[in-house]
Amino acid sequence: MEAFLVLLCVFLARAEAASGRPGAYAVGGGGEGEPLEGTVLPLRVRVRMQEVEAPANRLRFRHNVSLTVPVAVGTPPQNVTMVLDTGSELSWLLCNESYAPPPLPPAFNSSASLSYGAVPCSSPACEWRGRDLPVPPSCDMPPSNACRVSLSYADASSADGLLAVDTFLLGGAPPVPALFGCITSYSSTTAANSNATEPSEEATGLLGMNRGSLSFVTQTGTRRFAYCIAQGEGPGVLLLGGDDGGVAPPLNYTPLIEISQPLPYFDRVAYSVQLEGIRVGCALLPIPKSVLTPDHTGAGQTMVDSGTQFTFLLADAYAVLKAEFVNQTQQLLAPLGEPDFVFQGAFDACFRGPEAQMAAVNQLLPEVGLVLRGAEVAVAGEKLLYMVPGERRGEGDAEAVWCLTFGNSDMAGMSAYVIGHHHQQNVWVEYDLQNGRVGFAPARCDLATQLLGAGA
């Protein structure tokens with residue numbers, strides 16, 4: 001897998017040693033970083049016996065089921081691959097003490113890093129900065145008194161380990177100390193990297209990018225970042241900071257939604273926006289505004305999430321979209337005709353057809369638009385249907401099974417609308433925390449990657 005480089009346009013001041021170990025960092029204060037002013041620095045990375053140079057503030061990622069970025073952690077640096085997740089807070093790595101089922105090997109040898117340190121329970125990093133985590137940190141029994149974190153995700157995976165601190169190196173920027181989860185126990189019903197073809201492509205960590213106090217964004221003081229995901233399995237580009245070199249297209253912005261009081265089903269540190277409506281072609285669907293707005297419990301928020309592959313809609317909205325899409329495509333698509341078939345437990349609008357025929361049909365499908373306040377995410381062509389792996393129908397298995405890439409949140413056990421990264425392909429997406437907004441614009445992300453100097 002080819003690598004991309006990042007210049008992290010923020011840094012944390014190096015503090016006094018917290019544990020007496022050489023190179024350790026203090027974590028009690030939790031101070032935020034400052035913007036890093038300077039030139040773009042190249043970094044040479046060896047990948048598949050080739051060396052690739054790219055400006056150091058641009059990081060290339062591959063995506064299949066998830067978006068991944070290469071990061072170096074510790075002293076001396078250890079190369080790891082981390083999932084880029086705007087829907088999660090605390091970054092984590094599988095550590096050398098961890099148990100993880102194959103094919104997920106430990107990603108980080110904490111005992112080999114001179115700058116690694118476990119966070120004690122008495123630290124404000126444990127007592128105060130863990131306030132935004134769904135499950136508050138807990139304390140190990142003496143004598144360790146270590147701060148322990150437990151994480152769980154919508155796909156039923158879970159992780160447990162120690163809150164720790166170490167240096168993170170992204171591209172050519174100076175290393176920055178950051179808190180993360182050093183995971184010692186990990187379980188999942190599905191392998192997140194099941195489509196990886198070689199060990200170097202396996203993602204054995206997660207880079208948390210939401211707005212929580214322990215996220216990588218908050219810890220490094222990043223006030224704006226953007227990415228552009230190329231169509232298919234091509235590379236894209238991630239930028240931390242505001243300098244896009246003039247490559248970004250004019251953006252339409254939608255404000256982030258804020259709710260001050262705690263609500264049981266509202267994620268206050270997510271990138272939550274307001275879904276105003278959904279259209280299929282030119283038909284705006286008859287969905288009441290109340291269905292698209294968070295209720296008194298907080299259920300029904302709309303989140304922009306790079307860590308989720310597809311897009312999910314609450315049941316009432318999903319049913320209307322499914323009916324209208326099927327109605328408008330009845331002359332183009334052959335229904336699968338198997339009422340009990342549900343892909344990934346949430347996608348039941350499925351069809352059948354040979355690949356060559358579907359490639360032509362894709363161009364005739366009606367566009368689906370997610371209408372936001374001030375912006376829109378338009379989904380068209382190949383992004384509308386997903387070929388289900390391993391499912392064939394018809395004589396000689398001539399036909400593949402295809403499902404609409406909008407899922408039913410209720411069937412997946414979620415209480416929110418989620419705009420996943422599959423529908424962000426060839427869209428420039430900017431997270432502007434300084435101004436409390438998210439921007440969208442159609443883009444040729446393969447060209448943007450080349451223009452930014454992050455290509456091979």
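Mentor: A charge sits over a ring if NZ of Lys or CZ of Arg is within 6 Å of the ring centre and within 35 degrees of the ring normal. Keep in mind that this is a predicted model, in which local features need pLDDT of at least 70 and side-chain atom pairs count only at pLDDT 80 or more, while totals for chains, interfaces and linings use all residues. Residues are numbered from 1 along each chain as its sequence is written, and side-chain values use heavy atoms, with hydrogens and water left out.

Trainee: Okay, what sits over the ring of Tyr 253?

Mentor: The charged end of Arg 437 does, 3.5 Å from the ring's centre.

Trainee: Why is the pair of Phe 108 and Tyr 116 called tilted?

Mentor: Their centres are 6.4 Å apart, so they pair, and planes at 55 degrees make the pair tilted.

Trainee: And what makes Phe 108 and Phe 180 edge-to-face?

Mentor: Here the centres are 6.0 Å apart and the planes stand at 80 degrees, so edge-to-face is the label. Phe 108 is in the loop between strand E8 (92-99) and strand E9 (117-118) and Phe 180 is in strand E13 (residues 176-187), so this pair ties together parts 72 residues apart in sequence. A strand, by the way, is a DSSP run of E, at least two residues long, numbered from the N terminus. Phe 108, Tyr 116, Phe 168, Phe 180 and Phe 216 form one aromatic cluster.

Trainee: How do you know whether Cys 403 is buried or exposed?

Mentor: Buried means under 20% relative accessible area (1.4 Å probe, protein chains only). Cys 403 has 1%, so it's buried. Cys 403 belongs to strand E28 (residues 399-404). Contact means heavy atoms within 4.5 Å, and beyond four places in sequence Cys 403 touches residues including Phe 341, Cys 350 and Tyr 386.

Trainee: What makes something a cavity?

Mentor: On a 1 Å grid over the protein atoms alone, a cavity is a set of points where a 1.4 Å probe fits but cannot get out; lining residues have an atom within 4 Å of a point. The whole structure has one cavity of 30 Å³ or more, and the largest cavity holds about 60 Å³ of space. Strand E15 gives the largest share of its lining, three residues.

Conventions:
Phe/Tyr/Trp six-rings, centres within 6.5 Å; stacked < 30°, edge-to-face > 60°. Helix = DSSP H or I, 4+ residues; strand = E, 2+ residues; numbered from the N terminus. 1 Å grid on protein atoms, 1.4 Å probe; cavity = no way out; pocket = protein on both sides within 12 Å on 5 of 7 lines; lining within 4 Å. Points joined across faces, edges and corners; volume = space filled by probe spheres on them. Buried < 20%, exposed > 50% of the residue type's maximum accessible area, 1.4 Å probe, protein only.
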